[in-house]
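Visitor: I would like to go through this chain step by step. Please show it first.

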Amino acid sequence: MAPTQFDIIRRQGEAAARNQANRAAAELRRDTSLVGMASRLAGKTIADGDRALRGGLLRRRFSPRPMAGNVVPTEPQPVRPAPDGYVRCSPVQPVYEAADYRRRLLWRAVGVAVVIAAALVGVYFLGQLGLLGR
């Protein structure tokens with residue numbers, strides 16, 4: 001027996017209802033997904049961190065540090081001939097760096113070393129206490 005017009009409309013209605021139910025179930029799974037929630041929280045954290053970093057950079061840029069004599073020219077790298085004997089003849093612009101750049105770089109390296117040492121000491125003590133497991 002051939003399907004009638006009413007059968008076709010009924011099947012289309014049932015398919016539409018099934019599709020709507022599947023769509024609602026998928027949306028509910030997306031909304032209650034732990035991975036999705038973690039992703040949203042991570043994105044929010046990154047955005048907040050970027051905003052705080054930009055705010056910190058702006059505050060630091062306009063800090064009341066003395067600006068006199070703040071920049072020192074450094075010597076350019078010596079010109080070395082290429083393996084085929086070609087010598088670069090183009091002018092080289094002088095490089096300028098902040099007067100306290102090396103000191104700040106040294107303090108940053110010391111801070112990183114202190115943080116790494118503290119982490120290693122913490123792991124060592126956790127191992128001695130038996131909290132890391134074997």
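Visitor: In what order do the elements of the chain run from the N terminus on?

Guide: This is a predicted model, in which local features need pLDDT of at least 70 and side-chain atom pairs count only at pLDDT 80 or more, while totals for chains, interfaces and linings use all residues. Residues are numbered from 1 along each chain as its sequence is written, and side-chain values use heavy atoms, with hydrogens and water left out. Helices (H or I, at least four residues) and strands (E, at least two) are DSSP runs, numbered from the N terminus. The chain has three helices and two strands, and from the N terminus on their order is α-α-β-β-α.

Visitor: What share of the residues counts as buried?

Guide: Buried means under 20% relative accessible area, exposed means over 50%, and partly exposed lies in between (1.4 Å probe, protein chains only). The chain has 134 residues, and the share of them that counts as buried is 3%.

Visitor: How much of the accessible surface belongs to carbon and sulfur atoms?

Guide: Accessible areas come from the Shrake-Rupley method with a 1.4 Å probe; for residues, only the protein chains shown count as cover. The accessible surface of the chain is about 12400 Å², and the part belonging to carbon and sulfur atoms is 65%.

Visitor: Which residues are linked with Arg 10 in a network of salt bridges?

Guide: A salt bridge is a side-chain nitrogen of Lys or Arg within 4 Å of a carboxyl oxygen of Asp or Glu, and by this rule the count comes to seven. Arg 10 bridges to Asp 7 with the closest N and O atoms 3.7 Å apart, and to Glu 14 at 3.1 Å, N to O. Asp 7 lies three residues from Arg 10 in helix 1 (residues 5-32), about one turn of the helix, and Glu 14 lies four residues from Arg 10 in helix 1, also about one turn. The residues linked with Arg 10 in the network are Asp 7 and Glu 14.

Visitor: Is Asp 100, the salt-bridge partner of Arg 103, buried or exposed?

Guide: The closest N and O atoms of Arg 103 and Asp 100 are 3.5 Å apart. Arg 103 counts as partly exposed because its relative accessibility is 48%. Asp 100 has a relative accessibility of 15%, so Asp 100 counts as buried.

Visitor: With which side chain does the side chain of Glu 97 make a polar contact?

Guide: Glu 97 is in strand 2 (residues 95-98) and, because its relative accessible area is 18%, is buried. Contact means heavy atoms within 4.5 Å; leaving aside neighbours within four places in sequence, Glu 97 is in contact with Asn 70, Val 71, Val 72, Thr 74 and Arg 102. A polar contact is a pair of N or O atoms within 3.5 Å; within protein, one must be able to donate a hydrogen and the other to accept it, and residues adjacent in sequence count only if both atoms are side-chain atoms. At 3.3 Å, the side chain that makes a polar contact with that of Glu 97 belongs to Arg 102.

Visitor: Which residue follows helix 3?

Guide: Helix 3 has 29 residues and reaches 42 Å from its first C-alpha to its last. The expected span is 1.5 Å times one less than the number of residues, and the helix is close to the 42 Å expected. The residue that follows helix 3 has a positive phi, near 80°, and is Gly 130.
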